[in-house]
Amino acid sequence: MKSALTRRWAALGVAAGLALSLAACSSADSGSTGSSSAAAAPSSAAAPVTSSAAEPVTITLTWWGGDARHERTQQVIDAFEAKYPNITVEPEYTDWNGYWDRLATETAGGNSPDVIQMDMMYLASYAGRGALYDLSSVSSLDLTTLDSTLLGMGTYDGGQYAIPMSATSWAILVNTDLLGQLGLSLPDTETWTWDEFEDFALSITTASGGTVHGTGPQINAYSLDLWARAHGDATFSGGDITIKPETVASYFQLALDWSKSGAMPTAEQYAETATAALDQSDFALGKLAMIFTQSTQGAAYAQAANANVQLVKIPTDDANSTKYAYLKPGMYWSISSQTKHPEEAGLLINFIENDPAAAAILGTERGIPANPAMVDAIQGSLTDAEKQAVAYAESLASVIGPAPEITPNGASAIDTALTRYLQDVLFETSTPLVAAQAFIDEIHQGIEAAQ
Amino acid sequence: MSLMELQALARDRKKAGPRAKEATPDNKAALVFLAPWLIGVAVLTVGPLAASLVLAFTNYNLLQPPKFTGLANFARLLSDTRLHHSLEVTFTYVVIGVPSALAVALLLALLLDKGMRGLAIYRSIFYLPSLLGSSVAIAVLWRLVFGGQGLFNSFLGLIGIDTQKSWIANPSTALGTIILLHVWTFGSSMVIFLAGLRQIPREFYEAAATDGATTWRQFRSITLPLLTPIIFFNLVLGIINAFSAFTQAFVVSNGTGGPSDSTLFYTLYLYQEGFGSYRMGYASALAWLLVVIIGAFTAINFWASRFWVHYED
Amino acid sequence: MKTETIIAEAGAGVTSGVTPTWTDLDPPPRRRPAWTRWAAALAKHLLMIAVSVVALYPVLWMVASSFRPDSEIFGTASIFPDSFNLDNYTAGWNALTKPFSTYLINSAIVVGGAIIGNLLTCSMAAYAFARLRFRLRGPAFALMLLTLMIPIHVVIVPQYIIWAKLGLVNTFVPVIAPKFLASDAFFIFLMVQFIRGLPRDLDEAARIDGAGHGTIFFRILLPLMTPALATTAIFTFIWTWNDFFSQLIYLTKPDLYTVPVALRSFIDATSKSSYGGMFAMSVVSVLPLVLAFAVGQKYLVRGIATTGLK
């Protein structure tokens, strides 16, 4: 009996130890949550570092992506190591889903990589929980090269927790080859309204006899936010979801109308490829003539569809009323608050962001560089599609407004939730307004739970 | 000592009287044989299991220390409509998928067990789907087969049913395609059945044949009873695995459980909560609810096994 | 007999599958009129061929796709390659930062360790559960089953912390060591069921003859458990070879990536990805599995019936 009891206590001890470990692993930064300046302070173990110190230092760089990105990033690492021989960079890469699972586990285990590729959806979740380092206190990183609006989208609660790597904008991508085959040409896309857009999309479906559909739906947090801003609303404010249910409902209604009229594929056809990768999408397979997408993906779609494409502006109901648009960081770089070498990590980010040698290697694989000097540096090597994306971003200047609030802590599942509720609407198991309210409630609860 | 001598010895013992019961339990020997498992349990299993149980009472976002929240997570279990929906999906999958896959596996194992030409090849071919497992290629292929323009509809067209229905994208049939995917990987259960069939001593059949028993009678009175431990194993594990089904739904729906949550399996929802939304405390509560559900089914299974599973010991 | 052979050959396309031992083993068929037997055999083969087609089709499609350019992969469900282009293979082999052989070797190390570990420790634990009487057997068995029921996603973080504290992340230890600690309850339970299916008279006789548990286990039961051991080895091979999550979490250095982690790294849903290369390398990575099964399957059926036990 005694031994059984001892075993039981031993088991309890292990459990308690683990629970404590969970606490300890995140405690390096727990005291600093909420206060941004304190969050920047490195943990006591981290020695003060002078930039490019002579002693050998190893830092870890992690990113998500496909094989092309892995190869180019490895080349950048090689170039960086050649320039700073005392710094060794260990890469860690995988696909999008695996990336966030791994990063969360590593961070929970106190084993976070030093330099982290970050996304807007997760930025506040990591920064708000003290997992990131305030970049403004890293002297080796030059933050002045970026446009302040864009840089502002890397801040959370007053701290600069991420630096945008690339900038992208929301656009309609048109397969002009398909239009040519159908004998159609684009209307004036500078001033077109949503009604004109739907009519044109419908004319494509009709002209093709239904084998090609005019357009896909727009369905992500970015486009919802633009829709809201164009209608005098905004998705987030004050760190919570504040968009009106009517605004979300009208956004859902748009897709429902298209689906019913035939401008867009049926709910079933759309759902079939809704989760497919870019290469498998209906646009890539020539079954859609237009899609809503980030302008910087145009080149990839053009290649996948093996067709000529054109980027055009998204419609507005009142062309000049609002400065609703903004450039969205495609992805960011962050430094982990668990790093022991913030200055070396800063050097690496600085190299990737601001060194023409790195820009020449990376090209536009991560999108159009956020640093305008880098865009100039690689101008000569841009493909036509990439030049289009750059020109498109410039053409938006007249409608660019202030930066939005970034996705709050706890709302990182907003895109998947939005897709789910849109499908409910399209399959008519829910009405736009009911789905809109449920969507807002779900996101709100997530944000609340994360406080 | 050869096996044959042993068996002879065993037969003598049996004739001599009822089986001798040892008075002493085998505690020491058990400790030796279980040593690796015990170390594993102590070091790798008990701690994380207990930790997850503790976390079920906390708000734990992976990045900050867990905060004790009492029964809040369990209260949410009651009102969480997505959870209730995922339970519905998972139960449907268990109730339809497990018996179908087992029936197919058992039938083919029985057919293959009776000698036939080329059976080594059949056996290997039947196992191929299980090899592909969670391959991304399967996700792509499933769409090509069960999509609106898919192969399945072409096949239906051949037999006179003309449809453009996208089986994989319609919320009412999407789950069915994943059940089919499960049945399609019947190879693992089939292999276990085959191995079990091979363990049935051949002399039983010889004796039965000498007595003039029909094939059906041999199946009823020899094959089936002697295979029950393996049928039981496949049933228990089939149910446990079906409740924990994750990979197939994850791959086919790219982790969303779509369309419209129609393939939102329990563990997929748990994963979305834990790793998608960083609510690991709630995910832990979900995990323990799952343990209770699976545990109940398994306990019922073990209880019922007394009435139909035949052990040699 | 003749029809049977012809159909078998037509269905399988290969002639080898004659296993003499097999036919020898079968219960002697009752005499029935010849035409009934032919009809039955024919029906059986037709069924087998139909199932084979369903089982084979996706594999053939994957192989065919590995020869297609990216743009053609998603458009067609045909299994007949229109071109025989090896570009995907050369490109896929070198697409990531290390040649694909690195990942194959890493997977082989992990799989090899896992098989040895599972065979040894799961069978030992199974013997204890199936044949020994000891205190807390019931609770211990329940605990073992419990480990099958708890989703990995809620225990991976605590487990990661243990390995991180031991400084063993980015070594093969976290993915191999658990197999040497009998952590795959599936196989323990499987072998328990097999051992319980073996007549107890055997080990009792040995025990009376003075044999200890070691002898009974190693000399008497293990040889009789060949099908269960083969099943364990093959399943361990396949499941470990395909296991993505734990290998993703514990092996973060590209030098240590295993096949499933490498395969996922080909694909990025938001940009143009090398699907052709991914398919080609998928084919390459399935080959060892097919070989393992082809070699291992004959042991699956070497049970008590083949040991000469009378």
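Trainee: How much area do chain C and chain B bury between them?
Mentor: This is a predicted model, where local features need pLDDT of at least 70, side-chain atom pairs count only at pLDDT 80 or more, and totals for chains, interfaces and linings use all residues. Residues are numbered from 1 along each chain as its sequence is written, chains are lettered from A and ligands numbered from 1 in the order in which they are written, and side-chain values use heavy atoms, with hydrogens and water left out. Buried area is the accessible area (1.4 Å probe) that two parts lose on being put together, summed over both. Carbon and sulfur atoms give 73% of it here, and the total for chain C and chain B is about 11000 Å².

Trainee: How many residues of chain C are in contact with chain B?
Mentor: Contact means heavy atoms within 4.5 Å. On the side of chain B, 116 residues take part; on the side of chain C, the number is 120.

Trainee: Which residues form the salt bridge between chain C and chain B?
Mentor: The rule asks for a side-chain nitrogen of Lys or Arg within 4 Å of a carboxyl oxygen of Asp or Glu. Across this interface it finds 1 salt bridge. The closest N and O atoms are 4.0 Å apart, and the partners are C:R207 and B:D26.

Trainee: Which helix gives the most to the side of chain C that touches chain B?
Mentor: Helices are DSSP runs (H or I, at least four residues), as are strands (E, at least two), numbered from the N terminus. The top contributor gives 15 residues and spans residues 34–65 of chain C: helix α3.

Trainee: How do the residues on that side of chain C divide?
Mentor: Ala, Val, Leu, Ile, Met, Phe, Trp, Tyr, Cys and Pro count as nonpolar, Asp, Glu, Lys and Arg as charged, and the others, Gly among them, as polar. The side of chain C that touches chain B has 82 nonpolar, 22 polar and 16 charged.

Trainee: How far apart are the C-alpha centres of the two domains of chain A?
Mentor: The bounds come from an automatic or database domain assignment. Domain 1 covers 50–167 + 329–399, and domain 2 covers 170–327 + 403–449. Their C-alpha centres lie apart by 28 Å.

Trainee: Which residues of domain 1 of chain A lose the most area to domain 2 of chain A?
Mentor: The two domains bury about 2300 Å², with 64% from carbon and sulfur atoms. Three residues together give 31% of what the domain 1 side buries: A:M121, A:Y392 and A:V399.

Trainee: How many salt bridges are there between domain 1 and domain 2 of chain A?
Mentor: Over all chains, the rule gives 16 salt bridges. Between domain 1 and domain 2 of chain A, the count is 0.

Trainee: Why does the pair A:K244 and A:D233 tie together parts that are apart in sequence?
Mentor: Side chains of opposite charge can pair when their charged atoms come close. A:K244 and A:D233 meet in a salt bridge at 3.9 Å, N to O. A:K244 lies in the loop between β11 (240–241) and α10 (245–261) of chain A, and A:D233 in the loop between α9 (221–230) and β10 (236–237) of chain A, so the parts tied together are apart in sequence by 11 residues.

Trainee: What is the mean pLDDT of chain C?
Mentor: pLDDT is the predictor's confidence in each residue, from 0 to 100. In chain C, 85% of residues reach 70 or more, and the mean is 81.
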